[in-house]
Amino acid sequence: YRVLELYSGIGGMRYALEASELLFDVVAAVDMNPVVNEIYRHNFGIKGHYQRNLKSFTVKEIDDMKIDIITMSPPCQPFTRVGLKKDVEDARSDSFLHIMKILVQLQRKPSYIILENVKGFEDSEARNVLIKTLEQCNYRYQEFLLSPIGFGVPNSRLRYYMTAKLESQPITTTDVKIFNIIPHSNYNWKSHCLKCIHSTYNMCSLKHHLEENSPDYFKPYLVPDHVLLKHWTVLDIVDETSNTCCCFTKAYSHYAQGTGSIFVPITDSLKVTEIFKQVACVDDNNSKLELLRNLGLRYFTPKEISNIMCFPDSFNFPSSITLRQKYKSSG
């Protein structure tokens with residue numbers, strides 16, 4: 001299969017294709033963001049990768065590529081819950097709308113299209129444009145709202161997915177609705193996790209995704225004192241025995257609430273609860289801080305986040321990428 005990766009990011013779609021064991025060749029991978037492009041090239045090489053505005057593509061250019069599969073993860077900001085939800089009126093939707101216009105005009109349409117975006121896309125005008133375009137081009141499609149936790153991965157990250165096939169291709173169902181499961185599939189991540197071999201529980205543990213290193217290694221990831229004092233009541237705290245964690249966003253470590261879970265190295269939940277009770281009873285900030293520091297609360301490392309997102313062990317970041325950029329590109 002000849003693949004065109006649009007909005008290729010740090011390579012999530014490509015890793016997914018590799019995990020599917022599909023035989024494919026990436027003809028072109030395209031993204032505008034120089035930081036994610038550097039990460040992508042570090043892991044996959046520079047062949048076929050382009051830093052380019054998708055609005056510059058022409059019908060002839062894509063027709064000449066003879067593409068079988070298009071994957072895309074368009075910018076999510078126009079649809080996200082923390083954004084302005086300007087939808088197709090947001091300039092960041094322009095490239096997606098351009099690709100939809102090109103798809104209609106292609107002489108050699110791809111056999112398959114795979115799209116991913118945030119929850120909220122399913123209620124957008126952009127989604128309506130997508131569906132209208134697919135129907136106009138004689139595609140049949142399925143839509144999903146899926147989270148990793150539904151597949152045994154300890155992470156809550158609800159996302160919209162759409163798969164489309166040309167009308168001449170077989171499809172498992174013709175129901176026009178949004179699925180919360182994949183029909184006729186019983187896939188579970190545990191079958192891939194070597195540490196889950198002897199586990200009888202249906203969920204993979206967070207412990208299996210953590211880095212093993214010295215305490216000094218994790219010092220840069222400790223939650224700063226000012227964040228502890230101001231936001232300790234709203235932090236989502238998990239330990240290595242937890243079977244879920246919150247969705248990590250690009251604002252992780254920058255904002256305290258709603259951007260991802262915080263890790264506590266103490267597995268005794270009663271001890272953690274007792275410390276928080278003591279903090280709540282203390283008025284002096286210095287005393288509060290001393291108690292909170294005893295918890296050793298830290299952010300998940302970028303590598304741990306990529307592990308939780310099921311990127312392969314071989315994935316890593318170039319040394320030139322800052323910690324802030326690592327978190328932002330992973331979210």
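Predicted model: local features only at pLDDT ≥ 70, side-chain atom pairs only at ≥ 80, totals over all residues.
1. Residues are numbered from 1 along each chain as its sequence is written, and side-chain values rest on heavy atoms, with hydrogens and water left out.

2. Helix α1 (residues 12-19) and helix α2 (residues 34-44) have axes that come within 11 Å and cross at roughly 30°; α1 and α2 are therefore roughly parallel to each other. Here helices are DSSP runs of H or I with at least four residues, numbered from the N terminus, and axes are lines fitted to C-alpha atoms over the stretch in contact, with angles from 0 to 180 degrees between N-to-C directions. Angles under 35 degrees count as roughly parallel, over 145 as roughly antiparallel, 65 to 115 as roughly perpendicular and the rest as oblique.

3. In the contact of α1 with α2 (heavy atoms within 4.5 Å), Arg14, Tyr15 and Glu18 of α1 meet Tyr40, Asn43 and Phe44 of α2. By class these residues are three nonpolar, one polar and two charged, where Ala, Val, Leu, Ile, Met, Phe, Trp, Tyr, Cys and Pro count as nonpolar, Asp, Glu, Lys and Arg as charged, and the others, Gly among them, as polar.

4. The structure holds 20 aromatic pairs, that is, rings of Phe, Tyr and Trp (its six-membered ring) with centres within 6.5 Å, counted as stacked if the planes are under 30 degrees apart, edge-to-face if over 60 and tilted otherwise. One of them is the tilted pair of Tyr15 and Phe44, at 4.7 Å centre to centre with 45° between the planes. Tyr15 lies in α1 and Phe44 in α2, so the pair ties together parts that are 29 residues apart in sequence.

5. Helix α4 (residues 94-105) packs against helix α5 (residues 125-136) at an angle of about 10°, with the axes 9 Å apart, which makes α4 roughly parallel to α5. Phe96, Leu97, Met100, Leu103 and Val104 of α4 make the contact with Ala126, Val129, Leu130, Thr133, Leu134 and Gln136 of α5, a set of nine nonpolar, two polar and no charged residues.

6. One cavity of 30 Å³ or more is present, a cavity being a set of points on a 1 Å grid over the protein atoms alone where a 1.4 Å probe fits but cannot get out, with lining residues having an atom within 4 Å of a point. The largest cavity has a volume of about 30 Å³, and its lining consists of Ile62, Ile70, Ile99, Ile102, Leu103 and Leu106, six nonpolar residues with no polar and no charged ones. α4 gives the most to this lining, with three residues; among the lining residues is Leu103, which also takes part in the contact of α4 with α5.

7. Helix α8 (residues 269-281) and helix α9 (residues 285-293) have axes that come within 9 Å and cross at roughly 170°, which makes α8 roughly antiparallel to α9. Ile275, Phe276, Gln278, Val279 and Ala280 in α8 meet Lys288, Leu291 and Leu292 in α9, and these residues divide into six nonpolar, one polar and one charged.

Methods:
Helix = DSSP H or I, 4+ residues; strand = E, 2+ residues; numbered from the N terminus. 1 Å grid on protein atoms, 1.4 Å probe; cavity = no way out; pocket = protein on both sides within 12 Å on 5 of 7 lines; lining within 4 Å. Points joined across faces, edges and corners; volume = space filled by probe spheres on them.
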